[in-house]
Amino acid sequence: MERAALLRSTPLACTRFFLHLHRRRPSSPFRHLRRPLPPSRSCCSWRIISSSSSSPSSSDGFPRGFSAVPARAVAAPTQPSPEAIDAAEQYGFEKVSEEFIKECKSTATLYRHKKTGAQVMSVSNDDENKVFGIVFRTPPNNSTGIPHILEHSVLCGSRKYPLKEPFVELLKGSLHTFLNAFTYPDRTCYPVASTNIKDFYNLVDVYLDAVFFPKCVEDVQTFKQEGWHYELNDPSEDISYKGVVFNEMKGVYSQPDSILGRASQQALFPNNTYGVDSGGDPQVIPQLTFEEFKEFHRKYYHPSNARIWFYGDDDPCERLRILSEYLDNFDASPAANESKVESQKLFSKPVKIVEKYPAGDGGDLKKKHMVCLNWLLSEDPLDIETELALGFLDHLMLGFPASPLRKILLESGLGDAIVGGGIEDELLQPQFSIGLKGVSEEDIPKVEELVINTLKKLAEEGFDNDAIEASMNTIEFSLRENNTGSFPRGLSLMLRSIGKWIYDMDPFKPLKYEEPLVALKERIAKEGSKAVFSPLIEKFILNNPHRVTVEMQPDPEKASRDETMEKEILAKVKASMTEEDLAELARATQELRLKQETPDPPEALRAVPSLSLQDIPKEPIRVPIEVGKINGVKVLRHDLFTNDVLYAEAVFNMSSLKQELLQYVPLFCQSLLEMGTKDLSFVQLNQLIGRKTGGISVYPFTSAVRGKLDPCSHLIVRGKAMAGRADELFDLVNCILQEVQFTDQQRFKQFVSQSKARMENRLRGGGHSIAAARMDAKLNVPGWISEQMGGVSYLEFLRALEEKVDRDWDEISSSLEEIRRSVLARSNCLINLTADAKNLQQSEQFVSKFLDLLPNNSPVSVGNWNSMLSPENEAILIPTQVNYVGKAANLFETGYKLSGSAYVISKYISNTWLWDRVRVSGGAYGGFCDFDTHSGVFSFLSYRDPNLLKTLDIYDATGEFLRELEMDDDTLTKAIIGTIGDVDSYQLPDAKGYSSLLRYLLGVTEEERQQRREEILSTSVKDFKEFADVIESVKDKGVVVTVASPDDVEAAHKDRPDFFQVKNGL
């Protein structure tokens, strides 16, 4: 659908265990995937799901550190009735314990299934966004990736749903608000969520049947498809490895940060299950046999080894009835004892290891080293109170840009960016990690010394009171707001509870933060912060010998060396085969491909439960909006219950900005938040924001506007605070916008280095988004603007700017001031407010004061931005074992007039044709299409793809696929319902207010929303056939951009000479 979404929520922001709700999380690298953010580096696999929709974001991703959606007020439920108690007995359960959790206004009941010992947490409240999850403890003993491959495979058909992938059918035709599965180092989780009760129970049933009765344990072809297999199209050709997980992990092992995280974890835990990779090492995955795969499922996917979670406003008795139908099929097993994770014994002395990572041969490799210090904090799990104190300590040291450990490392000049996640508490034993990347080889010891000395100084001197107050307010605000974005609150609570429950600890305690929080505050007030935090630094870090220092060395030959080694192994495999063996392998390859590309029969598809169009509301979800003025400035008000939080956006039109200043805008935004004023250092300013508000962010937003030549380009300042502190929120926003001084040359150079490191990491791990931005820049002006501020052009600018800062600082500082003068004026401003009516009214006086203080100058337009990149095909080279392949064209330029049916068709293409051919058959981790209905750009993209030209051929055959499509009424209905599920994605109040703001900026009216919805609901097979001719323009006129390995680009040029212009990315 649309990049600046017509009807979608803002990006999701997954939260971890409550100690870390305050920690900044990276935005999702795959903007088109309905996928949660990994909770930590230790979580190796989250199943990628393609979706045709995307969320509104700035050119460099959604603003970091600003959660997109507020907590929903959940009313307290009534106590369980005698009927509920009787139901437990009736369905074979016994109640273990029950508590009212005031922090989430829920009654939580822990049940035990008598026959199997399965544990069930039933959380009841008035939240309509219902959540189910089933979790198994799945500790591997090697790096073949068996838990990860099984996580993929169980969703490929089951006893009741005997089709290839019921999971995909749910994607096509469900109203789910969450649908995924993910693998940790020691457990595998299968969660779903929906606001529609019928849909919710459909999802639950499919997932329960999938995990307990999957077809994959009897079907070696599923194992081959999702895990690994030898592929041979013709006996005369070379054998290759294929498999979805195999190629996914090839991508992971191409990313330096991922390699560092895995090396650190495995070195910290050499003697237990965390010492191997549950996701799978590509060099080890081919050692996994089908028999081992089946045995792992038999051993661990058993009710005796399960933790099951229900949450929301559905009937607690019905939950138990549904579960009993599955659990009663089993007897008790020893799985719960066999799956226990043993603790890692602490080392008696520190350890140092050196690893290599694949690097490009450009730039100074001597300055591309990485170093990370890692501590295993305890041999035993910590109590909640100690974990909470360590969480506060972590935030004090690293949570803000001004936090001392973070600040000192970045200001040292020893590296470009921070690595290591600080405190990680999701495994049995907590860890602490910190380091730098972009380090010179000779500076590695200096980084180690600086980390240790800084920690010693913090233990000796403690933290100042303003820092304590800022962290306390920030964490407390996050806990009480419980802002989980479009990630369901019930799932956030589930992951929080599971973090202890999975290790046979109390599942209730992680949900209850009030008492330990009060106790910690009282202890700090009584004893002083130094008495609380200094002993923690000394005990768990400084005096702890279980320290592992990991040095990562850049190796420009590693990627090609790994490829050569793989080819040599495969050549030996082929040499060991007879002609009959080779013929049989070629036949098996064709047989697997035929199965993958053959549609399920209609009777199998009908087995998957679905809704009907009668279950779908005929009107879109409407957000209350009142458009008025304060002091002559337009103000949008959204009267919504927000739990006494005020959410505010100040939006400034950027159209008067000179074109040559565009690339400075992201750094301008960072400078506003991380430089000081005349009276406040940046540390004091950061602490003030933390003490008084729930967070402030500044970022650019750019989109095409359908029917207009001029782009929509704005600078957005977002802030949130308790309504009683609205005056302080607006005072701080004014301070940031007008009083921050652009005078700190060294800090600005740090920003440039950090941004460069972030972009290089994105190029490796999110090459599809780089390709998408590059194609947009070749096809329309708004795309060009965004790419200048967040694509390869921006990375090239940063590399040049890093040198320029030292010689032309005065010019750069003047450019930043010119952006402020050009953009931050009252005449450019629009205000957006989301709160209840009372708080909206009370905030008006503070908005008025804020607007009065804005400069009253009227900037003169300096001309239109009308640039685009040249339209040739392009290959951007990076050291990787997988590719990201894109092709796009502007459909509006062909004369196509937008219809809501395009949403249905593009989603269907992603979930059928591209899923089957690019992912299932082609072996890529993801393949999808995206239609930006503001600019008209229709894009095909793949993710961690072993192919290049083959994928382009699949894109080009899409029109033929649509022409030959045979679709019955059930299939069409599912496609429509699935699209409505995207359009009506679950939103909490501030996301509703923000989405309404974007619709206002983009000129999307309620009448148009209703029209598009009616077009979606009336989509016909004829619309699919007609769209085939439209999409041919991508085949005939499309531009191609791939982020790929040099070897694959060279091979492509042999088949299609001069097909790409080649650019070195890294």
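Angles under 35 degrees count as roughly parallel, over 145 as roughly antiparallel, 65 to 115 as roughly perpendicular, and the rest as oblique. Keep that in mind while meeting this predicted model, where helix α25 (residues 767-779) packs with helix α26 (residues 781-788) at an angle of about 135°. The two helices are therefore oblique to each other. Welcome to a short tour of this helix pair and of a sheet that α25 lies across.

**The helix pair**

- The axes of α25 and α26 are 6 Å apart, and the crossing of these helices is left-handed.
- On the α25 side, the contact involves Ala-773, Arg-774, Asp-776 and Ala-777, which meet Gly-783, Trp-784 and Glu-787 of α26.
- Sorted by class, this contact has 3 nonpolar, 1 polar and 3 charged residues.

**The sheet**

- An open sheet is formed by 6 strands, ordered β25-β26-β24-β27-β23-β28, with mixed pairing.
- At the edges stand β25 (926-931) and β28 (1061-1064); each has a single partner strand, so one side of each is left without a neighbour in the sheet.
- From one strand to the next, the twist averages 15°.
- Strands β24 (residues 884-890) and β27 (residues 1039-1044) run antiparallel and are joined by 5 bridges.
- Val-885 has Thr-1042 in β27 as its bridge partner.

**Helices across the sheet**

- Helix α25 lies across β23 (874-877), β24, β25, β26 (937-943), β27 and β28, and runs at about 155° to β26.
- Helix α30 (residues 901-921) lies across β25 and β26, running at about 160° to β25.

Terms used. Residues are numbered from 1 along each chain as its sequence is written. This is a predicted model: local features need pLDDT of at least 70, side-chain atom pairs count only at pLDDT 80 or more; totals for chains, interfaces and linings use all residues. Side-chain values use heavy atoms; hydrogens and water are left out. Axes are lines fitted to C-alpha atoms, for helices over the stretch in contact, and angles run from 0 to 180 degrees between N-to-C directions. Helices (H or I, at least four residues) and strands (E, at least two) are DSSP runs, numbered from the N terminus. A crossing is left-handed if the near helix is turned anticlockwise from the far one by less than a right angle, and right-handed if clockwise. Contact means heavy atoms within 4.5 Å. Ala, Val, Leu, Ile, Met, Phe, Trp, Tyr, Cys and Pro count as nonpolar, Asp, Glu, Lys and Arg as charged, and the others, Gly among them, as polar. Two strands pair if DSSP finds at least two bridges between them.
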